[in-house]
Amino acid sequence: MPQVLGYAAQNKTTPLAPFRFERRLPEPDDVQLDILYCGVCHSDLHQARDEWGGSLFPMVPGHEIVGRVIAVGSDVRKFKEGDIAAVGVMVDSCRTCTNCRDGFEQYCEQGMVGTYSSKDRRHGGVTTQGGYAQSIVTTQDFVYRMPAQLDLAAAAPLLCAGITTYSPLREWGAGPGKKVGIVGLGGLGHMGLKFAHAFGAQTVLFTTSPGKTADGKRLGADEVVVSKNDDEMKKHANSFDVLLDCVSAPHDLNAYLGLLKRDGTLALVGLPPEDMPVSPFSMITNRRRFAGSMIGGLSETQQMLDFCGEHNIVCDVEQIRIDQINEAYERMLKNDVKYRFVIAMDSLTDTLGK
Ligand code: NAP
Ligand code: ZN
Ligand code: ZN
């Protein structure tokens, strides 16, 4: 099997470092991509440090992948050599259970196969490795078409940050006449703002960082609330239809539940590694709802990419070289991301050779 170069965490305490590993040769329904850009998601950091438990090492993270097709298997009709294509958070699922058949592959009853740190059931249980690498080989059904007009580096984070915010905002009806709050202005949050605004909702950003106020407005917020300020929070009590919580660390959920009007929904997409208490009284007041959401299914992800192509929506990114990845993780922990790091993958071969 061909060897490729990537960056991996050897265990939960080591920084990421160069790593050679094997990728399978393309099978009849596989597409092989040369990776051009890969976004840096906070989930990469959570998993590289095994904060959720169950991480598989060595781990090449990365699930916001845009690349050029360099080979296709004999049964592939969807792509040809030279196409620009993308891979997101999953690379397979059972495809036969009710959830898969309904287009919710991310909730596959057998478990979706993650792009990295996952066991690939169809390939002998080998551990999947992600996008901080030269190339990836994936079944064509889990590869997306990229709208031609989008800037590729800025589009890469759509594959996770984009779909993870698009899907719940659609599901809970963010749109004209609705008051929608986005909590946390990081990679997910900034896409939440762009989508809520594009869907026509009245959009409010909640941030712990007063310095992000001007950016919040530029990215689509009609109003920005610094969440540490109790008086500002109280002004919004019982008024929201939807709140999308994109925060990566434990925080007070009851403070946000109290902002929902009757039948309003707090949708959680952030995945802090610790439990967060929910008060029963926060829930029964106003018949509130507390929901969660994980990325989006295959067809909804393609729909989101096409929507972004039509409306020219991309992410605000800071391009980095692969050897800056450990520093990028540290900056992410300090809420110092404007608003997604994206690795330019030519830096891998430039610095380390083929
Ligand atoms: P990120 O870029 O690091 O952004 C997280 C933001 O949360 C920060 O910028 C900060 O915003 C806010 N924050 C951080 N610590 C906080 C604290 N102690 N209290 C309050 N606010 C705090 O992370 P991301 O990549 O957007 O990911 C966010 C979370 O979503 C992660 O936990 C990630 O694993 C999860 N995730 C879930 C899914 C899914 O399918 N559900 C998909 C992708 C990611 P402010 O500076 O504005 O306060
Ligand atoms: Zn992600
Ligand atoms: Zn399934």
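A residue counts as buried when its relative accessible area is under 20%. The legends below apply that cut-off to a predicted model.

View 1. For four tetrahedral donors the ideal angle is 109.5 degrees. Cys94 has 14% relative accessibility and therefore counts as buried. Cys100 is also buried, because its relative accessible area is 6%.

**View 2. Arg95, a residue with positive phi.** Arg95 is not a glycine, yet its phi is positive, at about 70 degrees. Arg95 sits in the loop that runs between strand 6 (90-92) and helix 2 (98-101). Its relative accessibility is 29%, so Arg95 counts as partly exposed.

**View 3. The site of the zinc ion (ligand 2).** Three protein atoms coordinate the zinc ion (ligand 2) at 2.0 to 2.2 Å: SG of Cys41, NE2 of His63 and SG of Cys160. The spacing of these donors along the chain is C-x21-H-x96-C. His63 and Cys160 link distant parts of the chain, being 97 residues apart. His63 belongs to the loop between helix 1 and strand 4 (65-72), and Cys160 to the loop between helix 3 (152-155) and helix 4 (161-171). Both His63 and Cys160 are buried.

**View 4. Backbone contacts to ligand 1.** Oxygen atoms of ligand 1 are approached by backbone N or O atoms of several residues, among them Leu185 at 2.7 Å. For Ile295 the distance from a backbone N or O atom to an oxygen atom of ligand 1 is 2.8 Å. For Leu271 the corresponding distance, again from a backbone N or O atom to an oxygen atom of ligand 1, is 2.9 Å. On its own, ligand 1 has 920 Å² of accessible area, of which the protein covers 91%.

**View 5. The cis peptide bond from Phe57 to Pro58.** Omega of the bond from Phe57 to Pro58 is near -10 degrees, and the bond is cis. Pro58 is placed in the loop between helix 1 and strand 4.

**View 6. The cis peptide bond between Lys338 and Tyr339.** Lys338 and Tyr339 are joined by a cis peptide bond with omega of about -15 degrees. Tyr339 is part of the loop between helix 11 (325-333) and strand 19 (340-344).

**View 7. Asn238, a residue with positive phi.** Phi of Asn238 is positive, at about 55 degrees, although Asn238 is not a glycine. Asn238 is located in the loop between helix 7 (230-234) and strand 15 (240-245). With 43% relative accessibility, Asn238 therefore counts as partly exposed.

**View 8. Tyr37 and Ala156.** Tyr37 is a residue of strand 3 (residues 30-40). Because its relative accessibility is 21%, Tyr37 counts as partly exposed. In sequence Tyr37 and Ala156 are 119 residues apart; in space their C-alpha atoms are 6.5 Å apart.

**View 9. Ala344 and Gln129.** Ala344 is a residue of strand 19. The relative accessible area of Ala344 is 13%, so the residue is buried. Ala344 and Gln129 are 215 residues apart along the chain, and 18 Å separates their C-alpha atoms.

Methods. Residues are numbered from 1 along each chain as its sequence is written. Chains are lettered from A and ligands numbered from 1 in the order in which they are written. This is a predicted model: local features need pLDDT of at least 70, side-chain atom pairs count only at pLDDT 80 or more; totals for chains, interfaces and linings use all residues. Side-chain values use heavy atoms; hydrogens and water are left out. Buried means under 20% relative accessible area, exposed over 50%, partly exposed in between (1.4 Å probe, protein chains only). A polar contact is a pair of N or O atoms within 3.5 Å; within protein, one must be able to donate a hydrogen and the other to accept it, and residues adjacent in sequence count only if both atoms are side-chain atoms. Accessible areas come from the Shrake-Rupley method with a 1.4 Å probe; for residues, only the protein chains shown count as cover. Donors are N, O and S atoms within 2.8 Å of the metal (3.2 Å for Na, K and Ca); water is not among the atoms, so sites may look incomplete. Helices (H or I, at least four residues) and strands (E, at least two) are DSSP runs, numbered from the N terminus.
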